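Please load the model in the viewer and keep the selection panel at hand.

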Amino acid sequence: MSQENEELIIPHNDSVMIGDMYQNWFLEYASYVILERAVPAISDGLKPVQRRILHAMKEMDDGRFNKVANVVGQTMQYHPHGDASISAAIVNIGQKDLLIETQGNWGDERTGDGAAAARYIEARLSKFALEVAFNAKTTNWQLSYDGRKNEPLALPMKFPLLLAQGAEGIAVGLSTKVLPHNFCELIDASIKYLKNKNFELFPDFSTGGYIDINNYNDGARGAKVRVRAKIEDIDKKSIAIRSVPYGITTSQLADSILKANDNGKIKIKSVSDNTAAEVELVVQLAAGISTDQTIDALYAFTDCEISISPNACVIMNDKPHFVSVSDLLKHSVNETKNLLLRELQIKLNELEEDWHFSSLEKIFIEKRIYRDIEEQTTWEGVLAAIDKGLEPYKKLFRRGITQEDIAKLTEIRIKRISKFDAFKADEHIKGVNESIAEVSHNIEHLNDYAIKYYEGILKKYGKGRERKTEIRQFETIQANTVAIANAKLYVNWKEGFVGTGLKKDEFLFDCSDLDQIIVFRKDGKMSVSKVADKTFVGKDIVHVDIFKKNDERTTYNLIYLEGKTGIAYGKRFNVTGVTRDKEYDLTKGNPNSKILYFTANPNGEAEIVNITLSPGSKARIKTLDFFFETLDIKGRSAGGNQVTKYPIKSIKLKEKGKSTLSALKIWFDPNTGRLNKDEHGQLLGRFAEGDRIIAFYKDGSYELTDFELTNRYETSDTLLIEKFHPENIVSAIYFDASGNQFYCKRFVVETQTLKNKFSFIKEGNGNELKLVSTHSDPNAIIRSGKKKSEWIEEQIALHEYCEVTGWKAIGKKLNILDVKEITLIPNEETDAENPTLF
């Protein structure tokens with residue numbers, strides 16, 4: 001081997017050293033990413049790049065806008081990374097609309113449009129940022145990465161910035177995600193904390209929409225929120241999406257809708273993005289598709305609803321910690337109090353120094369001590385002469401007189417001495433004393449001072465920062481119940497195959513690929529399986545249907561032959577829950593048992609059947625009628641009641657049955673705006689086939705609907721929702737804006753068209769329905785007057801005040817001026833918990 005090759009041999013102990021170096025380097029890199037790049041500090045809520053940007057902008061601040069490219073250059077003196085990351089961080093801060101005022105095209109987080117190049121856009125610190133984030137006297141400093149500049153360890157942030165802006169970052173081995181919260185609510189919560197009151201905080205997004213905070217769990221690790229876009233009906237053929245969920249752009253949302261359409265989950269014609277000042281995506285529906293079902297499907301299958309899992313990780317004492325939003329707010333408030341105390345202490349010290357020197361100057365000039373230095377020839381002599389002259393007055397001062405104080409007196413100009421005004425000096429000292437007393441009081445009552453500070457911030461900057469995301473309780477949407485029927489199901493009855501790919505066999509019905517199907521066989525077996533291309537479920541199928549979990553109304557009527565004894569049994573049962581792909585025996589389980597008669601009844605119908613016995617049976621009467629209504633509805637495993645012990649030749653339907661179930665109880669949940677059978681919200685009543693629901697809206701219209709659970713009602717626009725009784729008389733009071741007049745009218749609903757709104761008040765901008773009732777003799781209290789302390793209260797029986805007219809009539813004027821409040825008086829037939837107020 002040559003000497004050259006020998007020199008390339010690496011000793012074994014060096015390879016061990018390289019492994020150690022790799023381990024150390026990786027740990028150092030991981031620590032660097034966590035502490036210096038991805039995770040915000042709890043002290044000021046900022047990542048290092050954000051802090052350096054704000055510091056650089058403060059250095060550049062002269063009240064005018066600066067090119068973002070210049071800001072990037074200034075920041076690079078402190079941030080050891082490229083300009084792209086700095087520019088992106090500036091845009092991110094600017095789009096929050098809190099710390100930076102922007103000028104130019106800064107992009108749109110709703111549409112995903114990026115900002116213009118840094119050389120074309122401008123920025124400056126907002127007045128809010130200048131007030132809450134900077135104070136050189138309370139800032140701790142460190143050297144920048146190259147040792148040329150000083151930069152802040154943390155900005156003296158006197159506001160819960162991290163909770164207001166939110167933060168997101170991915171580091172090595174951990175990530176952080178703090179959701180943004182409402183500006184005004186954060187300040188209110190801070191004040192409550194200072195007052196030792198309980199507070200709650202929930203996310204608020206600049207994109208608006210709806211949020212379900214049931215599982216927010218104070219934003220702690222493992223929490224979750226559901227966020228929805230705001231969707232409205234335009235007409236029966238189209239809907240409009242008025243907001244996007246947090247973190248989703250309009251283009252992403254449109255793509256998810258088109259993808260759901262391609263996958264057959266929804267049926268639409270087109271999606272148009274008309275977003276400008278406000279978000280608007282218009283979805284045109286396919287023919288025959290309802291808007292209510294489509295809205296549910298959009299929430300179930302597209303990005304119109306997303307789940308967000310907060311994960312609040314912050315740097316505290318140079319280590320990452322997982323905390324809750326309450327912890328973050330409390331830390332911020334405590335830090336703000338400390339900063340305010342430091343500012344007050346600094347200010348007090350400055351005032352004390354001002355008082356000290358002003359008093360010193362006054363005595364120095366008034367007592368003509370400056371004349372004592374005329375004969376002195378040395379600096380030491382000058383200082384000693386002044387010190388001697390001040391000796392009689394030293395006891396008047398709050399601290400000792402130092403050489404620096406005496407030296408400062410020598411710097412007073414002759415011109416100032418000649419123009420000295422003793423009255424002005426006294427007034428100044430008096431003002432300083434008052435300021436000292438005020439600052440001392442604030443220090444002693446620091447909590448009250450902090451509360452006033454927060455109240456001042458809210459008053460100055462809270463306008464226009466009201467909550468944008470509406471807090472709602474979301475209903476749970478079952479995907480298989482709202483999925484569009486995008487497949488066709490076929491069956492081979494004899495061979496026992498079911499599936500969407502058996503196109504040569506018998507067509508059953510349309511279904512969704514999310515559905516489950518329930519199958520009954522002649523041998524008395526039942527099973528539930530998922531819709532698939534081709535599934536073997538067993539030979540001799542007698543019934544196939546879509547399985548609805550927890551369906552207590554669909555009732556199966558069955559007569560089967562018990563294989564061991566030859567006795568026929570009848571039973572009625574529901575199937576509410578099963579294990580998928582498991583066989584269940586509906587008979588007593590003996591061999592040779594088989595189904596003789598079977599029907600599925602969606603509303604618990606109980607028919608009458610005619611049974612013909614075998615000619616060779618020993619029974620004297622060979623035919624008999626069997627009434628299924630005599631059987632109780634039980635579980636699927638029940639054995640049933642004996643029908644006959646004789647052999648049966650045939651069973652035929654004699655008479656269709658009526659439902660043996662009570663009418664369906666329907667509730668309306670105002671939190672979700674949905675109907676339900678789960679006893680959530682207000683009971684509307686019992687509903688049978690043909691029954692209707694009527695809803696009255698604030699715009700002065702009413703709408704008749706069926707009682708399908710997929711119906712949606714916008715609770716913020718709804719005054720009254722109840723079961724519709726055609727004979728009821730509607731009593732209403734509405735406001736006519738053009739005439740500044742209230743009207744009363746009574747009418748009977750004459751229209752019968754479902755899901756069409758009919759306006760029954762005068763048309764015009766600002767016209768609004770104020771009260772509505774279908775009670776036979778409704779009474780209302782009307783309060784009027786210019787001042788609340790002088791309101792006059794008057795009770796009116798609406799059924800006596802105005803007559804019943806047509807639903808299009810204008811109505812009768814209310815001869816009451818300055819109406820301020822109208823309240824429906826509850827009675828036995830009126831929901832006392834929901835009086836109509838405005």
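Begin with the entire chain of this predicted model. Among contacts between residues at least 6 apart in sequence, 66% join residues at least 24 apart. The chain holds 18 helices and 48 strands. Its radius of gyration is 40 Å, well over the 28 Å that the globule rule gives for 838 residues, so the chain is more spread out than a compact globule.

Next, display the surface. The accessible surface comes to about 44000 Å², and carbon and sulfur atoms account for 47% of that area. Buried residues make up 45% of the 838 residues.

Now colour by pLDDT. The chain has a mean of 89, and 95% of its residues reach 70 or more. Confidence is highest in helix α8 (residues 183-194), at a mean of 96, and lowest in helix α1 (residues 3-6), at 44. Select residues 1-11: the pLDDT is below 50 there, and the stretch has two contacts in the model beyond near neighbours in sequence. Then select residues 829-838, where pLDDT also stays under 50. For this segment the model has 23 contacts beyond four places in sequence.

Which residues touch the most other members of the largest nonpolar core? Select I90, F128, F159, F183, I241, I257 and L328, which hold that position within a core of 122 residues. Helix α11 (residues 325-366) gives the most to this core, contributing 14 residues. In soluble globular proteins, nonpolar side chains tend to be buried together.

Centre the view on L328 and show its surroundings. Leaving aside residues up to four places away in sequence, L328 touches I42, L162, L163, V178, A312, V314 and V323. A second, separate core has 19 residues, including F696, Y702, A732 and F758.

Finally, select helix α10 (residues 291-301). Is this helix mostly covered or mostly uncovered? The helix is mostly covered, with eight of its eleven residues buried. Those buried in α10 are T291, D292, T294, I295, D296, A297, L298 and Y299. To finish, show side chains at the start of α10, where a side-chain oxygen of S290 reaches to within 3.2 Å of the backbone nitrogen of Q293.

Terms used
Residues are numbered from 1 along each chain as its sequence is written. This is a predicted model: local features need pLDDT of at least 70, side-chain atom pairs count only at pLDDT 80 or more; totals for chains, interfaces and linings use all residues. Side-chain values use heavy atoms; hydrogens and water are left out. A nonpolar core is a set of buried Ala, Val, Leu, Ile, Met, Phe, Trp, Tyr and Cys residues joined through side-chain atoms within 4.5 Å. Buried means under 20% relative accessible area, exposed over 50%, partly exposed in between (1.4 Å probe, protein chains only). Helices (H or I, at least four residues) and strands (E, at least two) are DSSP runs, numbered from the N terminus. Contact means heavy atoms within 4.5 Å. pLDDT is the predictor's confidence in each residue, from 0 to 100. The radius of gyration is taken over C-alpha atoms; the globule rule is 2.2 Å times the number of residues to the power 0.38. Accessible areas come from the Shrake-Rupley method with a 1.4 Å probe; for residues, only the protein chains shown count as cover. A polar contact is a pair of N or O atoms within 3.5 Å; within protein, one must be able to donate a hydrogen and the other to accept it, and residues adjacent in sequence count only if both atoms are side-chain atoms.
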